[in-house]
Amino acid sequence: MDIHIDSVFHSFLEYLSLGGLVLAEALDHLDDTLSEWPPVLLVALTAFFVTVAMEMYRWYSDSDLTLMQRGKRKFFKMLRSAPIIGSKIKKELKSTKTNIAQSSFKLPKGENYRTTLPKTGLSHQELMSVVKKNYKNLEEIDWQKGKVSGTVYTGENHGIMGQVFELFCNSNLLQPGVFPGVRKMEAEIVAMCCDIFKGGPESCGTTTSGGTESLLLACLAYRELARARGVQRPEILLPICGHAAFEKAAHLFEMRIVRTPLNKTTYKADVQAMKKMINKNTCMLVVSAPCFPHGIIDPISEVAKLGLKYNIPVHIDMCMGGFLYPFLRLGGHDIPPSDFSVAGITSISADLHKYGKAPKGSSVVLYSDQKYRQGQFFVSTDWVGGVYASPTLAGTRSGAVIATAWATLMLQGLDGYIQHADRVIKTRESIEKRLREIEGITVIGQPKVSAVTIASNVFDVFRLGTCLTEKGWQMYTVQNPSGLCVTVTDLFNKETANQLIADVEEGTAQIMKDPNAKAEGMAAIYGMASTLPDRSLVSDFICGYLDAFYSTESHQ
Ligand SMILES: *Cc1c(COP(=O)(O)O)cnc(C)c1O
Ligand SMILES: *[C@@H]1O[C@H](CO)[C@@H](O)[C@H](O)[C@H]1NC(C)=O
């Protein structure tokens, strides 16, 4: 729909920009009366039409949103500035924001925030005591047993990570001459990952600070390619379940997101629909293996074929699955290939800090060929501070983060990752099977990796979410359709699995006594947030929450 309107409008603009010329020509053929118009007037009219057309084109193309989205935004903006409704909305918004701030981050009784430097620095002993007592102890949610979806992927090797970190904590990858060891480690991480994903001799990549940065860089690289062929606002074709970080890329890099539909039964990207949405502005196609919200694998090879056919780069987002998927295949699990051996795949992102088991702050973005990677590099040749270049978004990069990631790869080894992937998948399979047997809930699609998403056709599934939160679970709440996503990690053991099933059974049985009851509390907020037509209102609420991140008023 959006696309349709956009392309009609596009043609209209082209038509209009021709208007000036057409007019000039038409005037040329007009009868005596008109031919007596002074030439100055004709020139002025032509200039006028061309300017109007150019202004309209600029307005049309100068946004990362489609016309439909912008129309909606405008409408709600008007609504919010309307006399009575507007002030009511504003009041509601303000009180909700205060509520969020007060309920989000609470300190234990008697504790406060420190907002100024201590006059004299603490001793090591004092420091560690404060860190443990007033900060580490704030952790209340039991993540050690995997009751938190995703988030923490390993409980191993903390001690040795600390030792490796210590060796390199002052190193800076911006100065590889000074720190040759960490440069070597980064190059080796990239090489080992290219090997894991079956890259050819031209394959390459960089490490990054996380999945988001990996995706941003791939988008930037492809934007540069599209710009080189004259595309003003390159479009990222992305299935509906593709990660929000692509939207961030579009937002930052003046690109545009075009969401492509999913097959309604399988929840995989609908390849035929994607094909229809390709146009001359398309700079990349995206698939996920698996996607974050449902743990479902998109049709990798079909989309790769589209990429080949239309000569468009194809990125596989394996931020989640990168350190499970290849090892599942090596371990003999029956899943289709998802790496550079599939012709047409030009880049892959994989998070070391998820199933790679590395400390947080590390991921890789890999390319099938160096010509793609070049687009993410930045070089300033004329800066007063000297010729400056950096391969990723950051300037200074900690060598210690690279060193711990490298150390993790070495500690796990091929066998370690194969066994780990096998354990995680067996846990997911077992809870999925048992979830499917519970009356009142369903599982979305056929998940193949580590996540399962619970939905319900009978009741508001966010009510179940509330029950589970009360029992100490932290699931991801997904929307459109509403669901509760459990991303199983290695911390999630048999006992955790049994507990989850028991808690879901109990919660569901409770809700099934009155399936049509209305959701309350957080469940109501999630429900409202996913159905509220004014998305900017949702965004305002969430900004209130982000503000609360930095609040140092102690709400107890
Ligand atoms: C986690 C994830 C990302 C984003 O990674 P961050 O490390 O959180 O920045 C992107 N895509 C998928 C599929 C993910 O699971
Ligand atoms: C969705 O997938 C199913 C199962 O693979 C298939 O039978 C169906 O034709 C697909 N629907 C569309 C619209 O492609």
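This briefing describes salt bridges in a predicted model. The structure holds 15 salt bridges (a side-chain nitrogen of Lys or Arg within 4 Å of a carboxyl oxygen of Asp or Glu). Side chains of opposite charge can pair when their charged atoms come close.

**Conventions**

- Residues are numbered from 1 along each chain as its sequence is written, while chains are lettered from A and ligands numbered from 1 in the order in which they are written.
- Local features need pLDDT of at least 70, side-chain atom pairs count only at pLDDT 80 or more, and totals for chains, interfaces and linings use all residues; side-chain values use heavy atoms, leaving out hydrogens and water.

**Arg397 and Glu186**

- A salt bridge joins the side chains of Arg397 and Glu186 (2.9 Å, N to O).
- Because Arg397 lies in the loop between strand E9 (388-390) and helix H15 (399-436) and Glu186 in helix H8 (residues 180-196), the pair ties together parts that are 211 residues apart in sequence.
- Helices (H or I, at least four residues) and strands (E, at least two) are DSSP runs, numbered from the N terminus.
- Both Arg397 and Glu186 are buried (under 20% relative accessible area, with exposed over 50% and partly exposed in between; 1.4 Å probe, protein chains only).

**Asp351 and Lys354**

- Asp351 and Lys354 form a salt bridge through their side chains (3.3 Å, N to O).
- Asp351 is buried at 2% relative accessibility, and Lys354 is buried at 15%.

- The closest N and O atoms of the salt bridge between Asp490 and Lys357 are 3.2 Å apart.
- This pair ties together parts that are 133 residues apart in sequence.
- Asp490 is partly exposed, with a relative accessible area of 22%, whereas Lys357 is buried at 5%.
- A network of salt bridges links Glu156, Lys357, Arg423 and Asp490.
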